[in-house]
Amino acid sequence: MENPKNIGGRPPHIPTPMSARLVELLTAEGVFQLELCRILEIDPKTLRKHYRAELDRGAAKLEAKLIGHLLRIASGTGATALKAITFCLCSRFGWSPYAPPPRRMS
């Protein structure tokens with residue numbers, strides 16, 4: 001008796017260049033992975049298995065876009081710019097307003 005490879009269930013997912021591009025573009029626009037799974041009609045594990053590079057590139061593009069907006073806001077004046085500058089210093093450079101000032105070398 002032969003044992004067929006696929007008995008029931010969903011057919012295997014075969015990625016296409018179009019679906020890969022769609023995953024990258026939607027990730028870069030901030031669409032969550034669960035929403036991508038609904039669009040492609042696949043499981044989250046399948047999404048990460050077949051589209052890891054596209055998810056990573058899309059996330060990097062989104063982060064770069066957000067940093068650009070944050071730096072644009074930080075270059076302004078006023079309270080909003082001060083908050084943006086403080087956030088940049090804390091998140092990107094490890095600065096803390098609660099840390100003691102560095103000791104001076106005499």
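Predicted model: local features only at pLDDT ≥ 70, side-chain atom pairs only at ≥ 80, totals over all residues.
Biologist: Which residues of α2 are buried?

Modeller: Helix α2 spans residues 33-40, and L36, C37 and L40 are buried there. They sit on the same side of α2, because they cover an arc of only 100° around the axis.

Biologist: Why would residues three or four places apart point the same way?

Modeller: An α-helix has 3.6 residues a turn, so such residues line up.

Biologist: What do the buried residues of α2 pack against?

Modeller: They pack against α1 (17-28), α3 (44-50) and α4 (52-74).

Biologist: And which exposed residues are on the face turned away?

Modeller: L34 and R38 are the exposed residues carried by that face of α2.

Biologist: What happens just after α2?

Modeller: E41 takes a positive phi there, of about 60°.

Biologist: New topic. Which residues form the nonpolar patch on the surface?

Modeller: I85, L89, F93 and W95, with about 410 Å² of accessible area together. I85 lies in helix α5, residues 79-93.

Biologist: Now cysteines. How many disulfides are there?

Modeller: The count is zero, going by sulfur atoms within 2.5 Å. C90, for instance, is in no disulfide, and the nearest cysteine sulfur, that of C88, is 9.5 Å away.

Biologist: Is C90 buried or partly exposed?

Modeller: C90 counts as partly exposed, at 32% relative accessibility.

Biologist: And C37, buried or exposed?

Modeller: C37 counts as buried, because its relative accessibility is 5%, and buried means under 20%.

Conventions: Residues numbered from 1 in each chain as written. Heavy atoms only, no water. Buried < 20%, exposed > 50% of the residue type's maximum accessible area, 1.4 Å probe, protein only. Helix = DSSP H or I, 4+ residues; strand = E, 2+ residues; numbered from the N terminus. Arc of directions from axis to C-beta. Contact = heavy atoms within 4.5 Å. Patch = residues over 30% accessible without salt bridge, like charges linked within 9 Å, V, L, I, M, F, W, Y side chains within 5 Å. Areas by Shrake-Rupley, 256 points an atom, 1.4 Å probe, with all protein chains shown as cover. Salt bridge = Lys/Arg side-chain N within 4 Å of Asp/Glu carboxyl O.
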